[in-house]
Amino acid sequence: MIRKAGYLGVGVVLGAAAAATAPQALMYMSPAAYAAAADTYRQLNLFGDVFDKIRNDYVEKPDESKLITAAINGMLSSLDPHSSYMDAKQFRDMQVQTKGEFGGLGIEVTQEDGLIKVVTPIDDTPAAKAGILSGDIITAIDDQPTQGLTLDQAVEKMRGSINSPVKLKVVRGPKKDVKEFTVVRELIHVQSVRSKVEDGDIGYIRITQFTEQTEDGLKAAMDKLHTEIPADKFKGYILDLRNNPGGLLDQSIDVVNSFIDRGEIVSTRGRTPDETQRFDAKPGGDLSGGKPLVVLINGGSASASEIVSGALQDHKRATLIGTRSFGKGSVQTIMPLGENGALRLTTARYYTPSGRSIQAKGIEPDIKVLEAVPDDLKGKDDMKGEASLKGHLANGAEDTSASQAYVPPDEKNDDQLTAAIDLLHGVKHPEPAVKADAAPAKTDAPAAPAGSAAPSDPQTGPAKPK
Amino acid sequence: MRKGLSYLAYGVAAGIVLVGASHDALRAAGASASDKLALFAEVFNKVRDNYAEKPDDEKMIKAAIDGMLSSLDPHSNYFDPKALADFQSSMKGEEFGGLGLEVMMEGGLVKVVSPIDDTPAARAGMLSGDLVTRIDDTPVKGMSLKEAVDKMRGPAKSSVKLTVERGANRDIKEVTIVREIIHVQSVRSHLESGDIGYIRVTQFNQEAYDGVRKAFDHFRADPGPAKLKGYILDLRNNPGGLLNQAVEITNAFIDSGEIVSTRGRNPDQVQRYSARPGVDLAQQKPLVVLINGGSASASEIVSGALQDLKRATLIGTRSFGKGSVQTILPLGENGALKLTTARYYTPSGRSIQAKGIVPDIRVLENIPDDLKGKVSSMGEASLAGHLKNAGEEEKGSDAYVPPDRAKDTQLEAAVEFLHGAKAETLRSPDPPATAVTSQ
């Protein structure tokens with residue numbers, strides 16, 4: 001019915017984020033809509049009827065909130081895999097995640113044999129300053145044992161309001177020394193952008209997810225790279241979007257704009273033509289000085305990552321290296337439901353500047369390079385992609401095959417990164433032969449797990465429909 | 001909260017039955033629930049207005065109802081009009097073109113509860129516990145139970161290909177079966193060794209009691225009351241059915257006493273069913289009831305009552321453990337709701353929910369090597385979201401009945417028992433892993 005096109009301006013997300021709600025509008029109905037509405041009410045009445053019968057006659061007193069939550073989840077799961085309901089707590093968690101900041105200690109933790117283990121304290125956080133070390137086992141939080149807590153519960157207990165203290169008991173090292181720390185929580189920023197200089201002349205930028213911090217993080221990273229690498233030596237950028245599941249749409253647009261100065265970046269199209277929104281580059285946004293750019297993608301690059309790589313590919317601004325991306329071409333809007341949490345609803349599809357939808361297809365890299373997957377991970381590292389999700393939005397000829405999503409932890413073994421560096425050091429416009437020279441063993445994948453048998457010839461143009 | 005007790009009189013099922021809607025209860029409920037319903041309506045409207053494609057209202061509401069019911073227990077379902085018609089015809093024992101499988105949904109796949117005797121499915125070797133993963137090469141994952149059943153049914157003589165996963169190893173088998181007219185014949189009977197009346201009830205549909213009565217008529221004529229040593233009532237792999245049929249059939253073997261009670265949410269919702277005098281058809285002759293892991297619901301009411309009243313000796317393996325009662329609540333033109341409304345209790349007051357009934361004489365069938373570990377019914381206690389029972393729950397019990405009568409150890413034990421063999425000589429040794437629990 002009546003739909004506010006203004007949604008998109010405020011807070012559309014790919015994957016996730018908060019947006020303003022729009023007023024509901026069933027009341028403004030044309031007479032012609034009445035017949036349809038009657039059926040709609042009949043359907044709603046049927047639901048109410050069933051709900052009442054359960055309330056009255058079920059063998060046990062049912063939990064009405066649980067019933068309604070299950071009903072909403074059931075309804076949304078009949079739509080597509082990305083529409084979902086978040087209760088109040090899940091909504092808060094999601095906001096924290098997309099905001100990229102929260103009150104906490106600044107440690108990455110994991111669960112090992114039921115114990116909470118510190119992976120690493122994040123630099124410049126209360127945890128690091130207090131002297132918490134990688135490998136420390138947290139046995140109690142505010143005197144409550146962590147045994148029996150899930151990882152989520154433990155993280156929840158460590159987070160809290162800024163300036164509030166939390167007491168941690170940790171066991172350290174082979175001698176199992178017991179230490180107690182009282183740490184005051186601070187505002188922790190989840191770093192979405194990391195950067196470093198590769199080979200002295202390439203600016204490497206990794207975006208782990210598109211949060212509210214991404215744009216600022218990218219600007220800071222590019223500034224830093226420009227001070228570290230003399231302009232005359234600067235060979236180009238590598239933008240690493242591998243295993244980046246997406247995030248906020250506006251952030252992905254800003255990222256693209258940091259590499260181009262004009263042209264369309266992406267358009268989103270809802271149910272009706274008047275809902276089409278176009279997002280263009282703002283002149284003066286390009287911070288890259290026109291230096292060559294390689295974007296790394298793989299089967300774990302989804303959504304906002306695909307907007308960025310798709311736009312840069314269509315504009316011929318970047319060379320894409322890696323494996324085919326995930327293929328999530330839909331936009332979700334977060335619609336708050338007051339005290340009841342929020343609805344994450346698929347409201348549009350997005351299209352790259354050339355007008356292609358990558359939904360259930362993914363973006364083909366210009367140069368396909370596979371990683372050498374260790375034997376024990378073979379077959380476990382592939383991403384099945386959007387086309388394999390039940391109930392995904394359909395999109396003509398889809399690609400249901402899996403795509404590799406493995407990134408070696410050791411950079412020396414990272415063949416995709418090596419190919420990117422070689423390309424920036426060598427030939428400007430890649431020909432198949434270049435890639436074959438650079439990484440002959442990795443282009444064909446006889447030993448790759450079944451399902452990843454994508455054509456081994458590199459795609460030099462935009463993705464060919466299959 | 002008010003619940004018409006008259007429901008039960010004419011149609012609660014242990015497994016099933018039809019009742020009138022209680023309109024005043026509905027009205028009473030509507031108001032106080034409005035805030036929760038308002039949330040649902042808000043989400044529904046947001047989806048209708050804003051979803052990327054025009055959504056199908058009917059499909060959304062059905063998915064909402066299915067989602068809501070699946071949060072309750074595994075036996076509460078929504079029947080759309082077509083599913084309701086199918087359900088009603090199966091309760092009436094009506095004919096349709098099909099394979100002859102009792103199925104349920106488990107983990108998104110169709111699981112065979114039991115193949116019905118003398119049907120194409122049984123002859124093709126389909127087994128209890130088989131998971132149907134594809135029907136005519138279409139994956140079952142994502143289908144509703146009704147959709148899967150619809151795909152399996154079809155005109156007689158047409159064929160259907162099932163892909164089946166069997167057992168712990170998930171061996172994959174492909175079976176092509178030619179559909180036949182399936183008459184849901186719920187009772188069959190014959191004489192065993194000339195002097196025992198064997199009555200098999202495959203499910204408790206509306207024909208079941210009549211079938212049992214006819215079986216008694218046959219035995220009265222041949223071999224006649226004087227020669228008859230006793231009866232075997234075979235309830236193995238009988239998934240249940242109508243409560244009133246279970247009560248009537250129990251009454252065919254006893255003349256007095258309580259058969260079963262059902263208890264709803266409130267104390268005033270207790271219903272007791274007792275035997276009517278003068279309809280005992282078995283005339284106090286000895287009785288063996290055969291049960292196994294596939295005997296559920298109405299089967300457990302019958303065997304539990306006859307065990308508590310010391311009227312029968314139960315032989316076989318522990319039963320399924322479905323101790324709840326579903327009521328069919330009509331929804332006008334929109335089909336009906338099958339809702340768990342009560343638990344039932346045997347005359348001694350025990351609930352068999354998630355426990356099952358333990359036979360008096362545990363006798364295991366000899367399972368062929370290739371089927372070992374593949375023919376157990378996991379039972380109610382293993383179903384996600386099952387109603388809890390206080391105390392120990394029990395999972396897993398054999399549910400295999402050899403197709404060849406000569407190899408049917410449980411039936412043979414029943415015959416020998418009625419011929420005077422001692423229970424000790426018939427009992428299977430307890431394997432250390434599966435101890436039989438006492439109640």
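**Ground rules.** I'm working with a predicted model, where local features need pLDDT of at least 70, side-chain atom pairs count only at pLDDT 80 or more, and totals for chains, interfaces and linings use all residues. Residues are numbered from 1 along each chain as its sequence is written, while chains are lettered from A and ligands numbered from 1 in the order written.

**Entry 1: strand S17(A).** I looked up residues 293–297 of chain A, which form strand S17 (strands are DSSP runs of E, at least two residues; helices are H or I runs, at least four; both are numbered from the N terminus). Is S17(A) mostly covered or open? It's mostly covered, with 5 of its 5 residues buried (20 or more other C-beta atoms within 10 Å of a residue's own, C-beta atoms being placed from the backbone). Leu293(A), Val295(A) and Ile297(A) point one way, and Val294(A) and Leu296(A) point the other.

**Entry 2: its neighbours.** S17(A) pairs in the parallel sense with S13(A), residues 236–240, over 4 bridges (pairing takes at least two DSSP bridges). There I found Asp240(A) opposite Leu296(A). S17(A) also pairs in the parallel sense with S18(A), residues 319–322, over 4 bridges. Gly322(A) in S18(A) is the bridge partner of Ile297(A).

**Entry 3: the A–B contact.** I then checked the contact, which takes 56 residues from chain A and 55 from chain B (C-beta atoms, placed from the backbone, within 7 Å). Which element gives the largest share of chain B's side? It's H3(B), with 13 residues.

How values were computed:
A residue is buried if 20 or more other C-beta atoms lie within 10 Å of its own, exposed if 12 or fewer, and partly exposed in between; C-beta atoms are placed from the backbone. Two residues are in contact if their C-beta atoms, placed from the backbone, lie within 7 Å.
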